[in-house]
Amino acid sequence: MIHAFMMVASCGDYLQVLQEDGLVKAVAQRASERVATWPILAFDIFVLIAAVSTFLFLNRFTKRLWLRAVVMMTGVFLFELFTSPMWHNEHLGRFAYVYCDVSWVLTVGWTTLILGVVVSVDRWFSHDREPKRFAIYVGILLAVVTVAEIVVVALGIRKYSPEVLQAVSGISMMGVPIEILYYVPVFTTLVIAFYKYWSFVIDSAALVPVRKRKWLRAVVLAFIGVFFFELLVEPVVQNDKFPAWSYVYRDISFLYTGIRVLAIAIGAVMVGKFMIGMPLPLRFVVGVLLISALYLPFESWFVANGYRVYGETAVMNQTGFKSPITGLPVEIVFATPCYLSLIVCFIRYWEIVFDNRL
């Protein structure tokens with residue numbers, strides 16, 4: 001019972017529960033959602049066996065596989081962390097959860113799928129250029145991840161938040177919204193770009209130094225990366241009150257997107273000017289934190305004035321604690337560098353590919 005109450009509190013909905021008379025009922029429900037069924041327990045075991053088998057196989061012809069696996073898992077986990085209000089992952093077992101509905105079992109599963117495809121394609125299509133291989137990654141994973149999503153939904157593991165169900169068209173494939181056909185490419189594109197960027201570091205790749213950055217191209221890449229992110233999380237947070245002419249798709253406003261891109265551009269300029277010669281990991285961390293610091297005051301103002309409205313599920317996943325500087329929920333403050341890490345890697349990866357004609 002104590003463990004179940006901690007799971008409720010850790011996800012923030014204890015604030016509402018304490019205001020109601022259904023505390024015991026809520027605690028029991030939260031606990032029951034995490035109790036593994038026999039089919040799902042078999043799924044957990046299958047994921048672990050598949051992961052070990054895949055890594056043993058890939059290790060035969062892949063250098064520093066453990067480090068590559070850590071990088072890929074980090075990208076997957078960052079993605080799952082800031083998109084957690086969109087899904088409910090249930091009955092994986094109490095041991096399987098690390099934060100709210102984020103499960104390390106699913107993280108290991110997605111990591112195994114994506115890493116297996118990327119490493120295999122890089123081996124089989126080693127003579128092809130990077131953009132072609134990237135397209136092959138995404139194409140294969142669109143099929144594989146869609147099937148995997150159908151499986152976890154059929155087993156009763158995956159459920160979608162009310163905001164997601166309200167935003168989708170209602171057309172489904174074996175219980176999975178048809179919108180998965182663009183959710184999967186967005187997910188895999190951001191995660192793979194994160195992995196491939198850090199692979200250059202792992203491999204100590206001999207890259208051509210660029211004297212002058214092509215800023216127009218960088219801005220276009222930033223717009224694409226930010227738009228991908230906003231397209232994905234659009235059901236969870238609504239952009240309201242922006243001028244009608246600024247909306248490009250549903251509630252995605254290019255004015256709001258432009259602010260994010262501007263913060264990324266300013267952060268990139270400052271890091272490039274003042275941190276030349278510093279180790280790349282340090283430059284990356286400082287850059288992401290700097291961009292977050294530039295962007296969060298805007299997000300705070302937008303939220304306070306009703307331009308950014310977070311859905312009920314996202315609010316219920318918050319602890320109620322707010323940042324003393326921005327006044328934003330700590331979950332939003334923490335999520336910002338998470339998704340910026342993926343976006344920055346997406347931008348830098350494609351810049352390196354184009355500059356080096358990989």
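Me: Which helix does isoleucine 352 lie in?
Reply: Isoleucine 352 is part of helix H14, which covers residues 330-356. Keep in mind that this is a predicted model.

Me: Why is isoleucine 352 called buried?
Reply: Buried means under 20% relative accessible area. Isoleucine 352 comes out at 7%, so it counts as buried.

Me: What does isoleucine 352 touch, not counting residues up to four places away in sequence?
Reply: That would be Tyr197, Phe200, Leu207 and Leu358. Contact here means heavy atoms within 4.5 Å.

Me: How far is isoleucine 352 from asparagine 59?
Reply: Their C-alpha atoms are separated by 27 Å, and the two sit 293 residues apart along the chain.

Me: And what is tyrosine 349 in contact with, leaving aside its neighbours within four places in sequence?
Reply: Tyrosine 349 meets Glu130, Phe134, Ala193, Lys196, Tyr197 and Phe200. Tyr349 also turns up among the residues with the most contacts inside the largest nonpolar core, along with Phe43, Phe82, Leu92 and Ile114.

Me: How many residues does that largest nonpolar core have?
Reply: The core has 98 residues. In soluble globular proteins, nonpolar side chains tend to be buried together.

Me: Is arginine 68 buried or exposed?
Reply: The cut-off for buried is under 20% relative accessible area. Arginine 68 has 9%, so it is buried. This arginine 68 belongs to helix H5, residues 65-82.

Me: What is arginine 68 in contact with, leaving aside its neighbours within four places in sequence?
Reply: The list for arginine 68 reads Thr62, Lys63, Leu115, Tyr195, Ser199, Ile202 and Asp203.

Me: Stepping back, what makes the radius of gyration agree with a compact globule?
Reply: A compact globule with 358 residues would have a radius of gyration near 21 Å; the protein has 21 Å, so the two agree. Along its principal axes, the C-alpha trace spans about 65 × 50 × 40 Å.

Me: How many helices and strands are there in the protein?
Reply: You'll find 14 helices and ten strands.

Me: What share of the contacts with a separation of 6 or more comes from residues 24 or more positions apart?
Reply: Such pairs account for 74% of them.

Me: How much of the protein counts as buried, and what supplies the area it exposes?
Reply: Of the 358 residues, 51% count as buried. The protein exposes about 17600 Å², with carbon and sulfur atoms supplying 70% of it.

Me: What about the charged side chains: how many are positive and how many negative?
Reply: There are 29 positive and 24 negative ones, and the centres of the two sets lie 14 Å apart.

Terms used. Residues numbered from 1 in each chain as written. Predicted model: local features only at pLDDT ≥ 70, side-chain atom pairs only at ≥ 80, totals over all residues. Heavy atoms only, no water. Core = buried A, V, L, I, M, F, W, Y, C linked by side-chain atoms within 4.5 Å. Buried < 20%, exposed > 50% of the residue type's maximum accessible area, 1.4 Å probe, protein only. Helix = DSSP H or I, 4+ residues; strand = E, 2+ residues; numbered from the N terminus. Rg over C-alpha atoms; globule rule 2.2 N^0.38 Å. Areas by Shrake-Rupley, 256 points an atom, 1.4 Å probe, with all protein chains shown as cover. Lys, Arg positive; Asp, Glu negative; His and termini not counted. Charge placed at Lys NZ, Arg CZ, Asp CG, Glu CD.
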